[in-house]
Amino acid sequence: RNPERQRLEALGVFDWPVWEKEVSRFDWTYDTQETCYILSGEVTVTPEGGAPVSISAGDYVIFPAGMACVWNITQPVSKHYKFG
């Protein structure tokens, strides 16, 4: 949570594309690893067979390839993301 801006810059996070999504709920499966940095919003991600995890602005998250989950966006989300 809340990594230092210098670290994010070193990783090139601010050059990654931005994805935005309104309040919604949907199933998702990651074909490849996704790394993302949440700019705004709030979402609860529940992995198949796992416990829910709340993610919000300032969080740096890595979703592994093959992970199936449910996204429950409770506040519109904006994030930088990178696959692979």
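How many salt bridges does the count come to by this rule: a side-chain nitrogen of Lys or Arg within 4 Å of a carboxyl oxygen of Asp or Glu? The count comes to four.

This is a predicted model, in which local features need pLDDT of at least 70, side-chain atom pairs count only at pLDDT 80 or more, and totals for chains, interfaces and linings use all residues. Residues are numbered from 1 along each chain as its sequence is written, and side-chain values use heavy atoms, with hydrogens and water left out.

**View A. The salt bridge of Arg1 and Asp59.** The N to O distance is 2.9 Å. Arg1 lies in the segment before helix H1 (5-11) and Asp59 in the loop between S4 and strand S5 (60-63), so the pair ties together parts 58 residues apart in sequence. Helices (H or I, at least four residues) and strands (E, at least two) are DSSP runs, numbered from the N terminus.

**View B. The salt bridge of Glu34 and Lys79.** The closest N and O atoms are 2.6 Å apart.

**View C. The hairpin of S3 and S4.** Strands S3 (residues 34-47) and S4 (residues 53-56) pair in the antiparallel sense over four bridges; pairing requires that DSSP finds at least two bridges between two strands. Thr44 has Ser54 in S4 as its bridge partner. Five residues lie between the strands, and Gly49 takes a positive phi near 75°.
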